[in-house]
Structure formats: C-alpha cells, structure tokens
Amino acid sequence: MGRSLHTVALVLAGCSAGEDAAPAEGAGGASVSWPAVDTAVDCPVADFTAGGTYALQTGQIYDVEGGQELRLDLYVPDAPGPHPGVVMVHGGGFTSGSPAYMERAARHYASAGFVVLNVEYRRVPAVGLDDLVRDVVCSIRWGLSEADVLGLAPGCVGTMGESAGGYLASMASLAGTDPAFSHGCDAGADVDVLVRWSVPYYGISDLPLFEASGQLGTLMPGLAELADMSVEALSPTAYAGRDPGVGFFLPHGTIDTVVPMSQSEVLHAALTRAGHPAELRLLDGVPHGFVAGGGFDGAANQSIQPDIEAFIQEMNAAR
C-alpha cells in the first residue's frame, strides 16, 4: 500500500482542517431485489420563509456500537407535524469534524419545518469507511423508528452533507438498504432506510477515479483495505439505479483542489443514466468547503440555496 493507515488518517485530517444501470448484486455478491421510496406520496410542505421555532436536543443517542454511544443533535419544529425530515452529515476527512459544521444549515431547515438529525459518526482508522456509512444509515433508521414521536413523515426524509459528509450522505441514500451498510442498528430492525432526496456538497463519488486523480486519491486503497472492501464497492456510483426515485442536487466548486469537480460530474452522469432526478451545479471560482459552518450564509452557498430549496420541494411533491 505504501502508506500506513496512521498516515492515511493524518493526511486526511490535515486536509479537512482547511476547510449505469442498477447493479444486480449487493456488496456481498448476492442477487437482491431492492426496496424503493414511494414517490407517489405527497410530503408535508416546508416553508423556507417561515422562521419557525423548534426544540433542540443535543447529544441524542441513536445507537451504541462496540460500547461507543453514537449521538446526534435533534431539531424538532414546534408546529404540529407531520414534518419532512433531513439527516445532515458533517465533513472532516473521515477523521475529524463535528456536527457544528452543519449547525447553521440545521437551524435554517428546522426553522422551515424540517425535523433535522445532525449526525455524529465514528472515525477512521479506528473503524472502516463502511462503518461510517453504517452509522449514518443507523441514524436514519433511528429517526424513522421514532417517526411518530418526532412528528416525522417517514417517506419524506432527505440527506445533506459536505465533503466527507457528502460522500456518507450519498452512500446512505443509495445503499442504505444494503446489508453491508445496514447491519446491527439498535433501532428499527424492520425499517427500510429509504430516502427521498440528497444534497451532497462536493463529496467523493467514484473511488477509483478519485485515486487516479492523485493527491488525496492515493489514500483511497488504504481506506478500502481498512473496510475489507473494494474501492468500487465503496463508491456511490456503484449504487446508482437501485432506487431511482431518490433525487440528487450536486453542488461543487470549480477550483476545488481537495475533491475535484469531476467527482460530482461522474456521479451526475451515473445518476442520470440510471433514471434519478439529478441536478449538477458547478460554482465558478469556488473552492472546497464553502458551505461548512458560517459558509452556509456565504455568497457561494446563498447563490444556489434558493435552487436547492426549490429542488427539495419538487422532490417532496408526488411524482
């Protein structure tokens, strides 16, 4: 491999600090028929101009794995439900970061009437990349299992993430029903993790292509080895078409030197070929990390935020 896993972790952490058809087999090789989200159902309508109030519960436990409590920050609108939902996943190069990266976005969506799960997850190299995906999947499953308590409309949940969180949001949205990524969740064992839409900001989408691009891509085989999976099986593009009802809005800066914009381009192409509603938005002259933290209110994100909101409303409407 040429680099130790300890080196993999250090390089990824240093990076993060700077802010065609559906496969016929599962990740384990077995032929599977995949469940799909019901897009014929109308979801509750959010109001992005409402400025509604909400209750915030920090540190909600959604799972315990290997003795470690996995937690999320939970935002529940004060208005009566049911509500649409969104699971938010922070970046940090798979080794660092915190839900604070997505806090500003979480507050905005909660004010608009979404139940928001702002998720924490485990880290490499303590666990494999597949375990990080599994944690996000388990957080969604927890939210769906608590839908009645939270006032959450179960068929109306989306995902959103930035950088490493964008990758994890894509994987959870496309492969959340795959046993390779959905095993051992404490809650909702009988609940299918079905997602209506996803907004992965500048995430990795195709690990072999990312590896070939050089730079941090050279670390991908190490992460795949840690997960005991192939780079192909850890790529969101491999799962396009399993549930073509899931819509994707893909924002990416054109001068991103951490995750090249080609990663969103190739995911957009794979999703479109497989029949997903998908929009690609390339932001001229914008670097990596533009939405994290206060960047949510920055010029780059605000230039596309109305379009993201319109896309979400469209995806939540019956199709």
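## Overall make-up

Helices (H or I, at least four residues) and strands (E, at least two) are DSSP runs, numbered from the N terminus. By this rule the chain has nine helices and eight strands. The model is predicted: local features need pLDDT of at least 70 and side-chain atom pairs count only at pLDDT 80 or more, while totals for chains, interfaces and linings use all residues. Residues are numbered from 1 along each chain as its sequence is written, and side-chain values use heavy atoms, with hydrogens and water left out.

The chain has 319 residues, and 57% of them count as buried (under 20% relative accessible area, with exposed over 50% and partly exposed in between; 1.4 Å probe, protein chains only).

## Helix 3 against helix 5

Helix 3 covers residues 129-145 and helix 5 covers residues 164-175. The two pack with their axes 9 Å apart, at an angle of about 65° (lines fitted to C-alpha atoms over the stretch in contact; angles from 0 to 180 degrees between N-to-C directions). Helix 3 and helix 5 are therefore roughly perpendicular to each other (65 to 115 degrees; under 35 is roughly parallel, over 145 roughly antiparallel, the rest oblique).

Which residues of helix 3 meet helix 5? They are Leu 129, Leu 132, Val 133, Val 136, Val 137 and Ile 140. From helix 5, the contact (heavy atoms within 4.5 Å) takes in Tyr 167, Leu 168, Met 171 and Ala 172. The residues of this contact divide into 10 nonpolar, no polar and no charged (nonpolar: Ala, Val, Leu, Ile, Met, Phe, Trp, Tyr, Cys and Pro; charged: Asp, Glu, Lys and Arg; polar: the others, Gly among them).

Gly 253 belongs to strand 7, which covers residues 247-253. Gly 253 counts as buried because its relative accessibility is 0%. Leaving aside neighbours within four places in sequence, Gly 253 is in contact with Met 261, Leu 283, Val 286 and Phe 290. His 288 is 35 residues from Gly 253 along the chain, yet their C-alpha atoms are separated by 6.5 Å.

Gln 60 is found in strand 1, residues 54-65. Its relative accessible area is 17%, so Gln 60 is buried. Not counting residues up to four places away in sequence, Gln 60 touches Leu 70, Arg 71, Leu 72 and Trp 142.

## Cis peptide bonds

Where does the loop that holds Pro 82 lie? It lies between strand 2 (68-77) and strand 3 (83-89). The peptide bond from Gly 81 to Pro 82 is cis, and its omega is near 5°.

Pro 125 is placed in the loop between strand 4 (115-119) and helix 3. Val 124 and Pro 125 are joined by a cis peptide bond with omega about 5°.

## Positive phi angles

Phe 94 lies in the loop between strand 3 and helix 2 (103-111). Its phi is near 70°, a positive value in a residue other than glycine. Is Phe 94 buried or exposed? Phe 94 counts as buried because its relative accessibility is 3%.

Ser 163 is in the loop between strand 5 (152-162) and helix 5. Although Ser 163 is not a glycine, its phi is positive, at about 60°. With 13% relative accessibility, Ser 163 counts as buried.
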